[in-house]
Amino acid sequence: MQLRAMDSCWLAVVVACAACEDPAGAADVSAATATDAETQAESESATDAVVATADDSALPEAEAEVTAPVAPSLEGGVTLADENPDPGIVEVHLQAGAVSATLVEDLGPLPLYGYNGQIPGPIIAANVGDRVIVHFENALPEPTTVHWHGLRISDAMDGSPRLQEPVAPGGTFTYDFVVPDAGTFWYHPHVRANEQVEKGLAGMFVVHERERPAVSRERAFVLDDILLGDKGLAPFMADHMEEMHGRSGNVLLTNGHDVPLALTARQGELERWRIVNVANARTMEVAVQGAKWRVVGTDGGLLGWSYAPERLTVAVGQRYDLEVVYDQPGEARLVSYVLTIDDHNNVVDVPVALAKVAATASDVVAAPAIYAAPPLPAFDPVDLDVTLELTGAMGPNGLVWTINGMKDGMSGGHEMMLFEAARGANARILLENLAGPEHPFHLHGQFFQIVRRNGEDTNAEEGLKDVVLVPGMETVELRARLDNPGRWMAHCHILEHAELGMMGEFLVTP
Ligand code: C2O
Ligand code: CU
């Protein structure tokens, strides 16, 4: 279901920016209803394909063959077919190009961008340790790169426009790397990302464990939002709110659909849900209703333990793996809490259904799944102390976002080197947010642990991450073991903040 006029812009208006109460930025698309029937049909037929389940052996042989030879499909999207017969190599073609997609019926088809003609892009799936070769072609009218968010690969393959000359329109590039960690990752452009990602360029990248937890099936949910006006995509950076808080959409998209996905399962089944938030700026608050659920994995892969929050905060760029057990027949829902204004003009926090799963009564009893995780790296002793002050300032051309008083060179020159470390160094990184808006901060090429928030121990909150949400005026302390050498980007994942300067680099020497 799409949002009506309200969304987190309003939160910003109400809570953070009392001076600018003009809600004009939040266009009303309440007439919006439909979804792209074609894409829907496509993803539904893909959904019918065989899934990664523990009981693949129980499938009739003809179907079992569909999954061979490598990464089986996940439900929730089209998994790119592996073109390479070598079981240790996944080789695919990926094209970024203009697409015409109907997200909202009244607006008709909109000129957007997609990977292989799809929004979101197809799922790329591999097994941990595989070599992945992506033959990329840029059919966009502008330069782009592909960044493999969360994959600890070499910097030359990371899609950083500082190391890789962006792929020109009509150009190609072969990304070739080995995936070192199992987990849920994603890919997106790193050139003018605030526009290119908003227009649809984002997809999930799944790296399966060698020993996959035995679950009834896996599902992928790519959570997004898009800001539409009466004539289609609202203009970029057209208002102060977008510069201040990032671009918050007024239509929620789940796997490219603005209506709740209609899914089915059986009572007693146990599923693994992979969730990624690919929105430009919207922090999502999600929950599962009508089924038992817990968090089993995060940015860095399976936790090896689990926790069961009431709601799960998913900052942009972050991923979570959930275990969902249909402990009763009936409807289970994936919901996202959204601030809206009720009939009495009160701001209320309502759960919007992103997906509805009809669980039919059955006597299936799924065996408990085992989510084994590799041991955590040692983060002690600390070899290096880094403090990064995140703030904003008014520049001659409007708002700029800075790290330690520096802003990314908007026209050429990217000199913002934040710190240097020798490979294997343990860094203590203090992120200090000195202003009101939140910053989901991202390090390329490394994982970290969140050890303290505002000086208080977090008990190594949430396992390994590569994005941490730093709320306004708060301080977060990380421990990062910098074991992947290279020149890496570090930036706010609110893509407008990054574009307006909050994007630097760090160096890990071999
Ligand atoms: Cu998704 Cu530079 O990151
Ligand atoms: Cu930010």
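This report describes strand pairing, aromatic contacts and a copper site in a predicted model.

## An open mixed sheet

Six strands make up an open sheet, and their order across it is S12-S9-S14-S19-S16-S17. The pairing within this sheet is mixed. Strand S12 (251-254) and strand S17 (301-307) are at the edges; each has a single partner strand, so one side of each has no neighbour in the sheet. From one strand to the next, the twist averages 30 degrees.

Inside this order, strand S14 (residues 270-277) and strand S19 (residues 319-325) run antiparallel and are joined by 7 bridges. Opposite Ile275 stands Tyr320 in S19.

S13 is joined by 6 bridges to strand S21 (residues 347-360), and the two run parallel.

## Aromatic pairs

The structure contains 11 aromatic pairs. A pair of aromatic rings is described by how far apart the centres are and by the angle of the planes. Tyr115 and Tyr187 form a tilted pair, with 5.0 Å centre to centre and 55 degrees between the planes. This pair links distant parts of the chain: Tyr115 belongs to strand S2 (residues 110-115) and Tyr187 to strand S7 (residues 183-188), 72 residues apart. Tyr115 and Tyr187 are both buried.

For Phe419 and Phe506, the ring centres are 4.9 Å apart and the planes are at 15 degrees; planes under 30 degrees apart count as stacked, so this pair is stacked. Phe419 is in strand S24 (residues 417-422) and Phe506 is in strand S32 (residues 503-509), so the pair ties together parts 87 residues apart in sequence. Residues under 20% relative accessible area count as buried. Phe419 has a relative accessible area of 8% and is therefore buried. Phe506, with a relative accessible area of 0%, is buried as well.

## Aromatic cluster and charges over rings

Tyr115 and Tyr187 also belong to one aromatic cluster, whose other members are Phe136, Trp148, Phe173, Tyr175, Phe177 and Phe205.

Two arginines are placed over ring faces elsewhere in the chain. Arg247 lies over the face of Phe236, at 4.3 Å from the ring centre. Arg311 lies over the face of Tyr337, at 3.5 Å from the ring centre.

## The copper site

Which atoms coordinate the copper ion (ligand 2)? The donors are ND1 of His439, SG of Cys492 and ND1 of His497, at 2.0 to 2.1 Å. Along the chain, these donors follow the spacing H-x52-C-x4-H.

His439 and Cys492 come from distant parts of the chain, 53 residues apart. His439 is in strand S26 (residues 439-443), and Cys492 is in strand S31 (residues 486-492). His439 has 0% relative accessibility and so counts as buried. Cys492 counts as buried too, because its relative accessibility is 0%.

Note on methods: Residues are numbered from 1 along each chain as its sequence is written. Chains are lettered from A and ligands numbered from 1 in the order in which they are written. This is a predicted model: local features need pLDDT of at least 70, side-chain atom pairs count only at pLDDT 80 or more; totals for chains, interfaces and linings use all residues. Side-chain values use heavy atoms; hydrogens and water are left out. Two strands pair if DSSP finds at least two bridges between them. Helices (H or I, at least four residues) and strands (E, at least two) are DSSP runs, numbered from the N terminus. Axes are lines fitted to C-alpha atoms, for helices over the stretch in contact, and angles run from 0 to 180 degrees between N-to-C directions. Rings of Phe, Tyr and Trp (its six-membered ring) pair if their centres lie within 6.5 Å; planes under 30 degrees apart count as stacked, over 60 as edge-to-face and the rest as tilted. Buried means under 20% relative accessible area, exposed over 50%, partly exposed in between (1.4 Å probe, protein chains only). A charge sits over a ring if NZ of Lys or CZ of Arg is within 6 Å of the ring centre and within 35 degrees of the ring normal. Donors are N, O and S atoms within 2.8 Å of the metal (3.2 Å for Na, K and Ca); water is not among the atoms, so sites may look incomplete.
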